[in-house]
Amino acid sequence: MSHHELDARRLLCPLPVIRTQNRAKDLKPGDTLEITCTDPGALYDIPAWCRMFGHEVINTLQTREEVRITLRVSAPCAKP
Amino acid sequence: MPRAAESGKLHFYDPAQLFMTEPRKAVALISGGLDSMLAARLMRDQGIHVEGINFFTGFCVEGHTHAIRSSKQDKPKRNNALWSAEQVGIKLHIVDVIDEYKDVVINPKHGYGAHLNPCLDCKGFMVRKAREWMERNGFDFIVTGEVIGQRPMSQRRDTMPVVARESGAFDRLLRPLCAKLLPETLPEREGWVDRAKLLDFSGRNRKPQIALAASFGFTEFAQPAGGCCFLTDANYTVRLNDLWTNRRTKNYELDDILLLKIGRHLRPRPNFKLIVGREEGENNFLNGYRRDFTHLFAVSHTGPLALVDGIVNDADLDLAARLLARFSQGRSADKVTVEIHPHGGAARAIDVVPLHPDEIPESWYL
């Protein structure tokens, strides 16, 4: 199990979700991924995407400038 | 059927498994609008395993404008396709097709609609991409929320077969909302879905969809299909045409088409245009591009940030500063101090007289 980071700053919906999805498919179950975004919509979209695919959101943090979401990967995704 | 023996080893049958069959799998195109949501739900209700797919072209209306504009704070900042897939209870795969989609926008085989909307080519492209995904992931057929007669280009009785043929999906493309008005497809012939439970919606009347949504308990849904693409927007296509004309090439990058969605666009001279933020959210967004463009803003008064797109001389910058001053709180002042940051050059401040409204021809506005 390892920790990974994804910089999705300056990207607008739905690109933060797309980048998260594409990164998560290369990770192993149990790995954690911390995504940093500037689009506040990511605070809704990434957890929604996690619920669909069974990934666990283990932390969210919103500041004035950024949103940080940390998830724990469950199973691999389909090929995009 | 389970195999009794494999590689010389004896396997025992589980009697329960003899009667269990793997559900057929459909990939549903999910736009975020109501129709695709209903189509996916109809398939789920027939016991089909449905997963959604959504293609990001860069021309989507909802997410970007809501993310950028402060004035859209009242609306939920969410991706409608994700949200509607969650309402239906299916997974959604969002696929970036920005680069591949350029050819659809730039060279549409079937031409444009009222604006720069290549709807028929677009539908064919998306169904083709869905077919490729279906084949890669072992799915059986494709579902869309199309309704005969709902859209003037891509959803007509005579163009629906074109989409099925040109996408390579053929009879693996099922449109549950109007299937009874169309020839049988493979999923119907094979008995994977019950044709009797499919629908016969047609035309632009949306009452049947609204009633069906109510019967499913969908109390909230995004705007009807067709309103989610900037290429159907008259103002946006004026800006895109202007971009192509002035660059003398019919091409674009993602940043180009994002910037066309934001701010006031004015072209006072053929060699440059000005993109002026209209509110705080847009100014913040434009601020992210300041390193890539010559940009200017008023320092003596509150006002917007403006990006200069083009190659400019001092006279052009003076005009740009006077124009910018017009959109600042100093619009009625004798002079406004504007700070100019040339791309790759040193910043300087100049005092300018704001342009009077009569000095800004309507033709400058894109």
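Start in chain B and select B:Cys60. This residue is partly exposed, with a relative accessible area of 25%. Keep in mind that the model you are viewing is predicted.

**Stop 1: the cysteines of chain B**

Now select B:Cys119. B:Cys119 is partly exposed too, at 21% relative accessibility.

**Stop 2: a strand inside chain A**

Move to chain A and select residues 32-37. This is strand E2. Is E2(A) buried or exposed? Six of its six residues are buried, so the rest of the structure largely encloses the strand.

Show the side chains. In a regular strand they alternate between the two faces of the sheet. Colour A:Thr32, A:Glu34 and A:Thr36 for one side of E2(A). Colour A:Leu33, A:Ile35 and A:Cys37 for the other. Both faces are covered, and every one of these residues is buried.

**Stop 3: the neighbours of E2(A)**

Which strands pair with E2(A)? Select residues 3-8 of chain A, strand E1, which runs parallel to E2(A) and is joined to it by six bridges.

Next, select residues 67-72 of chain A. Here is strand E4, antiparallel to E2(A) and joined to it by six bridges. Find A:Thr32 again. Its bridge partner in E4(A) is A:Arg72.

Together, E1(A), H1 and E2(A) make a right-handed β-α-β unit. Trace the chain through these three elements in your viewer.

**Stop 4: where chain A meets chain B**

Show both chains. The contact takes 22 residues from chain A and 28 residues from chain B. The size of an interface is often given as the accessible area lost when the parts come together. Here chain A and chain B bury about 2200 Å² between them, with 64% of it on carbon and sulfur atoms. Select A:Arg10, A:Leu12 and A:Met52. These supply 27% of the area that chain A buries against chain B, more than any other three residues.

How many salt bridges cross this interface? The rule finds one. To see a salt bridge between the chains, select A:Arg51 and B:Glu86. Their closest N and O atoms are 2.5 Å apart.

Note on methods
Residues numbered from 1 in each chain as written. Chains lettered and ligands numbered in written order. Predicted model: local features only at pLDDT ≥ 70, side-chain atom pairs only at ≥ 80, totals over all residues. Heavy atoms only, no water. Buried < 20%, exposed > 50% of the residue type's maximum accessible area, 1.4 Å probe, protein only. Helix = DSSP H or I, 4+ residues; strand = E, 2+ residues; numbered from the N terminus. Pairing = 2+ DSSP bridges. Right-handed = clockwise from strand over helix to strand, strands pointing away. Contact = heavy atoms within 4.5 Å. Buried area = accessible area lost by both parts, 1.4 Å probe. Salt bridge = Lys/Arg side-chain N within 4 Å of Asp/Glu carboxyl O.
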